[in-house]
Amino acid sequence: MLSRIHLIAARNSTWKPVQHVGAALNELQQLCTWAVKPLEERLRHQQDTALAVEHAPLQTSRQVSKDADAAGPIYKHGQNNMMPNWHDRQQATKAEGFQSARHMTRYIKNQSQLAAHSVRLSSPDKVMEAYYSCMNQVCCQAEKQLNYVHINAIVHGTAKVWTAAEDRHSHWVAGAQAEQNLRSFIARMLWRLQPLLPAIGARLAANILWSSAKLGLDPDALVPGMTDSLAQQFMADMDAANGQEFATVLVACAKLQLNPCQGALLKAMCEQIIVADLSKFDSQNVANILHSLATLPAAEPSVELLDALCQRFDMLLNCCQAFNRPNELPSAQHIANTIWALSKLKYAPADELAMSMVGRMAALCRVPWQQPTPQAISNTLRACAELNVPVKQADTDNLASFILSSNRRQGPQQHYVNTAYSLAIMGHLCQAQFSLMLDQMFALSVDHHEVSQLQLRQLYQALDWLRLPPSTATQQGKAWLNLEGKLGRLGARPAYDIYPHPGAQLVCSALTQLSLRVNCTPAISDYRIAAILEPAGSGAAIVVAFESSKCLMNKRSRLLGSEGFRQQLLSRRGKLFLLTPPKAGVGVKEVAENLEPSLTAAAGGSLDAYRWGEQP
């Protein structure tokens, strides 16, 4: 902030250093007043500078940034002479034409930087109108010199100005007229780009798609066929694309939920990444690609593709650490995005990679300015739990403690729910941690943050995992009852699912036909149980539940963590008997005949203790 004020003050010849605090405040007030007043006076300097652009050497990006800071917070365009005169020189040499094109590109970028800087303190609607007017005049005045590079710079600059307005003015919501003006302006730019498409390569195609996605605009909705045309240009030049450009296109497709060329683009990109040289892909590229693939249902990435990306991430994580290159190590957010995407894709990375990722995030909790956010931690723990990967309890304890630390007690309740539920699935949850999380959630609920039914289901499942056997010491039993009371303050245990598995009623009818003591409505929340066979005496109950097909895509024998957790909790209620859901059209008699021998074996050779009228 101070450097910006000094830059602005440098343009104000009346500003001088002051020695006293009172005088300094007066000078600062005058300076701020000067900085925000309209540009009628200061535009004269910009006009003179702009008119000299065509004959001046190119400015560096640092100098352009200084000019943007010095120009002040208000951007206004209304006079034609602000702009260099890019007239058609019939006698111009090739070098002069190239130099003129470079100057035009620099001018466009300069104007977008000025507008993005000005929108921070000015009315976004007025700044956008001025920017549109300036760019439209550029296109009209330099019609014959305008090429695809200039149009790309205009669209990209528009995305920067628009997002700067949204970031700076969090309360600003673009009205219908502002959105219509944006759509009309981008549509005009894309119509200008259409005849120039055969000349663009992978980088510019990626930039146009990314800028459109940042603006929330599907190019096809503005110019029919534009998305497929950009995709075809990217595929034609895909061998020259780098990791950032692959990630840029996938992020754009994921944001707009696009599937260009009827899936040909996504398929070609996935195949190309498998055989590409991934040594130039950094951790952000890998994380963005995986995150986009996880949010694009049409992508359907193969195991080979995910293997290649995970191997690259593992190399970035371990090799940079081994060769002492900390600046190249993945950040906490990159780790969180990567492991979250893998869990959505149901792909388990190598156990060593998973442990390294969690260990790295735990280590970053102690590094100022690189510490993970509560959301990154809870997402990482939830992903590790779902993927059923082994992680060190010391690392998960460090991450949970970081969320519960005094300066981190903030944010949505979902962070605490995810953390508690994930630690329970991994078998790492302890009563002390759960008690602190419930206290913090109760404090948030007092501030009108209600706990949803889904969150309560997961919290009660974590409580069920902490339930101790009846033979446990009285003191430990009281501690569990105390947790139950704290959780009860947040809400009662949700009722069992009133919409059970479609085959549950058929199984209950078959068990009743076998004259077994059947409880078809067990008070067990959200565990997908068909029935419970109650013994006549003190024997163990038989819990009849359906098998799950929720397995990992690269390890078919490994269930998802939540499914294994369900089976573990059900096994505490009695003997767990898993059955395949009956097929459609099968009758009660056939189901009963198939169940009887399997249940007899599960009961130890006889079902007599579970039949009506039988005594132990």
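**Entry 1: the whole protein.** I counted the secondary structure and found 26 helices and four strands in the protein, where helices are DSSP runs of H or I with at least four residues, strands are runs of E with at least two, and both are numbered from the N terminus. I noted that this is a predicted model, in which local features need pLDDT of at least 70 and side-chain atom pairs count only at pLDDT 80 or more, while totals for chains, interfaces and linings use all residues. Residues are numbered from 1 along each chain as its sequence is written, and side-chain values use heavy atoms, with hydrogens and water left out.

I then looked up burial: of the 616 residues in the protein, 48% are buried (buried means under 20% relative accessible area, exposed over 50%, and partly exposed in between, with a 1.4 Å probe and protein chains only). The protein exposes about 30,500 Å², and carbon and sulfur atoms supply 51% of that area, as computed by the Shrake-Rupley method with a 1.4 Å probe. Among contacts (heavy atoms within 4.5 Å) with a separation of 6 or more, 76% join residues 24 or more positions apart.

**Entry 2: a helix pair.** How do the axes of helix 12 and helix 14 cross? I found that the axes of helix 12 (residues 243-256) and helix 14 (residues 283-294) come within 9 Å and cross at roughly 25°, the axes being lines fitted to C-alpha atoms over the stretch in contact, with angles from 0 to 180 degrees between N-to-C directions. The two helices are therefore roughly parallel to each other, a label for angles under 35 degrees. On the helix 12 side the contact includes Phe246, Leu250 and Val251, and on the helix 14 side it includes Asn288, Ile289 and Leu293.

**Entry 3: Leu290.** Leaving aside residues up to four places away in sequence, Leu290 touches Leu306, Leu309, Thr338, Ala341, Leu342 and Leu345. Cys310 is 20 residues from Leu290 in sequence, and their C-alpha atoms are 9.4 Å apart.

**Entry 4: Ser509.** I ended with Ser509, which is placed in helix 24 (residues 504-513). Ser509 has a relative accessible area of 28%, so I recorded it as partly exposed. Between the C-alpha atoms of Ser509 and Cys520, which are 11 residues apart along the chain, the separation is 9.3 Å.

Key
Angles under 35 degrees count as roughly parallel, over 145 as roughly antiparallel, 65 to 115 as roughly perpendicular and the rest as oblique.
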